[in-house]
Amino acid sequence: MGVVLLGALLVASLWATIAPPFPPNTTVADPLLGPSGTHWLGTDNVGRDVFTRLLLAGRTSLLISGAAALLACVVGASVGVLSGYLGGWVDSVLMRLVDALLALPAILLALVVGVIIGNGPLPLIVALGAIFAPAFARVMRAPALALRQRDFVAAARNSGVRAPVIALQHVLPNALTPLLVQFAAVASNVVLLEAALSYLGQGVQAPEPSAGRMISEAQRFMYSDPLLVIAPAVLVVLLSAGWNLLADGVQALLSPRRGSALPTRGRRPVRRVDPTENSPQNSAPPRGPETLMPIASVPNQENRP
Amino acid sequence: MNEKSTPSRRVVLAGAALVGPFAALVGCGGQDPEAGGGDQGTPVDGGTLTYAVGTQPAAGGVDPMVATALAAQSVMNLAYETLLVRDDDGQIQPCLATEHEQVDDLTWRFTLREGVKFADGSPFTADDVVYTFQTYLQATTSKKAYLGGLDQIVAVDPQTVEFVFDAPNGTFLNAVAHRETFMIVGAAGYGAASEDDRQRLTYGTGAFQLTDWQDGVSLTFTANENYWGEGVPHLAGIQMPIITDESTRLATLQQGSAQAVAFTDGTVADQAAKSGFELGELNFTQSLPIFVNPESGPLADVRVRQALSLALDRQALIDVAMLGYGKLSLVTPAGDPAAPQPDGDTPNYTRDVAEAKALLAEAGQPNPTVVLSYFGDVSQAQHPIYELMQQQCAEAGITLDLQATPTSELAPIFTAGESFTDLVSLPWSYRADPTFYFDPFLSEAGAMNHWRENPDADTARDLLAQAKATVDEAVKADLVQQLVDEVAQQVLILVPMAVPQNYEVWDSAKFFGYTTDPYGSRSRLPQSWVQS
């Protein structure tokens, strides 16, 4: 459902990018016209076509939410994996830093960052990426912490594979499910935060359309022209819901109960008692998805010099 | 050039004599009682008016020596009075002074009204006037600029006071007649009050006194029992709830919780008017100047500045961006009765895209990029102006780079003279004298003056200096006209339009006898009344 929703919004955004019905930032008719065959959602207070601006606002929001979540994912996951894998004082320092960032209200942090690095889509992506990176770090640290104790990681470590390589090649892929779920959840939050910042005048700048800005600009007319507020508000809801549904879908799809080979959010597969469990070949610790890893390529300890 | 002609003493006195007896009836509101509520029945004494406002006084509270914020002015106007006032036509009328005359080029004499008392019961005398102006001179207020060259203030007798200057001052009388500039305070009441009390309470001769101020909640005014106006005020008090959100203020009016509301957004006021409430006459006393920094960048070339001005369709900005709530204006706001108005001959005011492109080509900058900064977090109703300007400029090949900036970042520009890039929009309001609209960008001390030693502003500077030193009103008006034309010719500043400072709306079924005044000072409240 999330894919369908986001896909539809993406197609609409592409349409508005390639062949917009009207120039989005230009006065094309009288101000505050109601919906008509020409202007499906009417015109705003400057006489711009609301439908066109709404489509482009969707594009902006999709771009910012996707890019900011990706940035947060790369930065946060790296920190989380390193922290969990290396442990010790590195883990303590990084996690206290993450705790400190998580303690700050996201919108306040975004406003401060915005003042420092400026407004507009790119600074927004950077600011929101930085704000949500700690969430990824928290999510990734736990599986990294657990995985570092596993045999295949120990084997890699003992065979002389460097820590960053182990983290990237062995730990990260095994924590992919929570990462993907977190990505979609963060993107949903970014949609809301970007709308809030733009509503406050600190996000996407005029005359570029953004749902938050459109709500802010139309607030004065919400009694006389309620559609000007309702339409961008619905867009925000759809975008946020789309990402959330995607997160749920990813989680459901990759859940072990559906036979997925990837672990999810720390849940361990439920094992049924097997009569052959005590056989010699099953006496090793339960084998999880790590069996997918190219462990065979890692020389065992005995082969090390 | 010597323009220091002296107005006829006889003329000044005659003007005062005509209005004086009437002014004694209704106070400094000075309007015909029939004009306001005369057709709305007999005034009823007593009752409290609830008048919802959006802001409360800021720094300096309601101390006339310190406060300058608009929200403070509209409060102080109710409590403090001035020696003279201007009527709706811009003519000077008596208030606490019944007569004024210019004895010679350097001396002004005022005869004070008898029988006036401050709210605390102490009598108003010439000593209070001397105390007031000496306190202004000692205070750190920008109002002192109007007293340039003031040598001494002399209480000739209890009802007569003289101001002696050491050089002609062409702005003094206008400043004295400006309701928001030299408000008279008493040595006994105000002088004895603590600094904190002066900022939270009032000690004037006005019809209402601020007796309680709940921070962020409400302002409470009580009728001045010692008020000198006959039969006024009718109201026993005024309650001003402070409601920051425009829509909530509208709801307050619609629900009957308030009988009157002041809006800053014309569209919200229009909604109220369409619901059957009375929208007061609009007075376009707030021009929206866009200050220019020509020290670097494309605007250093006058041809680029002229192209920018020619690219603007000001009437379209008013009709579309402000939905009609604006008026063509020069630097001096269109709503100022003493200000000249733009016309077809005003340089660079009529849109001409072809000429704009030609000028840009001549300047060797066919596609300049110009930065325009404005308040991103306030004055939202004005944001469409900038967006539409951007569209209009694009047609001439100019890229207007809009920078919505937080107030905290823009404030140092007009408070501390911090520099800015290309253009910055900072609204201003009605001022006592037309020449003072030019001070921020032309006077030596002007915070937004980036024209120092720039030859493009030489003529304008000379004209400003002459106008300030000219007392003769006709000569001064001519100089001001030349000044606004020169400023428009050189595009030393851009003015898209003037807008109303406030939109006053009231329930005409409950609140009577009230009309707005051109200065937004709510000076007719003493003559108004409510009926439950």
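Let's start in chain B, where five strands make an open sheet in the order β16-β15-β17-β14-β18, with mixed pairing. Strands here are DSSP E runs of at least two residues and helices are H or I runs of at least four, numbered from the N terminus; two strands pair if DSSP finds at least two bridges between them. At the edges you'll find β16 (399–405) and β18 (493–494) of chain B, each with a single partner strand, so one side of each has no neighbour in the sheet.

A quick word on what you're looking at: this is a predicted model, where local features need pLDDT of at least 70 and side-chain atom pairs count only at pLDDT 80 or more, while totals for chains, interfaces and linings use all residues. Residues are numbered from 1 along each chain as its sequence is written, chains are lettered from A and ligands numbered from 1 in the order in which they are written, and side-chain values use heavy atoms, with hydrogens and water left out.

Back to the sheet. Strand β14 (residues 290–292) of chain B runs antiparallel to β18(B), joined by two bridges, and Ile290(B) sits opposite Leu494(B) in β18(B). Helix α13 (residues 383–395) of chain B packs on this sheet and touches β14, β15 (369–375), β16 and β17 (423–425) of chain B. The direction of α13 makes about 165° with that of β16(B); angles run from 0 to 180 degrees between N-to-C directions, with axes fitted to C-alpha atoms, for helices over the stretch in contact.

Chain B also has an open sheet of seven strands, ordered β8-β9-β10-β1-β11-β20-β12, again with mixed pairing. Its edges are β8 (208–214) and β12 (278–279) of chain B; each has a single partner strand, so one side is left without a neighbour in the sheet. Three bridges link β1 (residues 48–52) of chain B to the parallel strand β10 (residues 237–241) of chain B, and Thr48(B) stands opposite Gly237(B) in β10(B).

Now for the interface. Here 25 residues of chain A are in contact with 22 residues of chain B (heavy atoms within 4.5 Å). Val46(A), Arg220(A) and Tyr223(A) supply 31% of the area that chain A buries against chain B, more than any other three residues (buried area is the accessible area, with a 1.4 Å probe, that two parts lose on being put together, summed over both). There are three salt bridges between chain A and chain B, a salt bridge being a side-chain nitrogen of Lys or Arg within 4 Å of a carboxyl oxygen of Asp or Glu. Arg213(A) forms one with Glu387(B), the closest N and O atoms being 3.0 Å apart.
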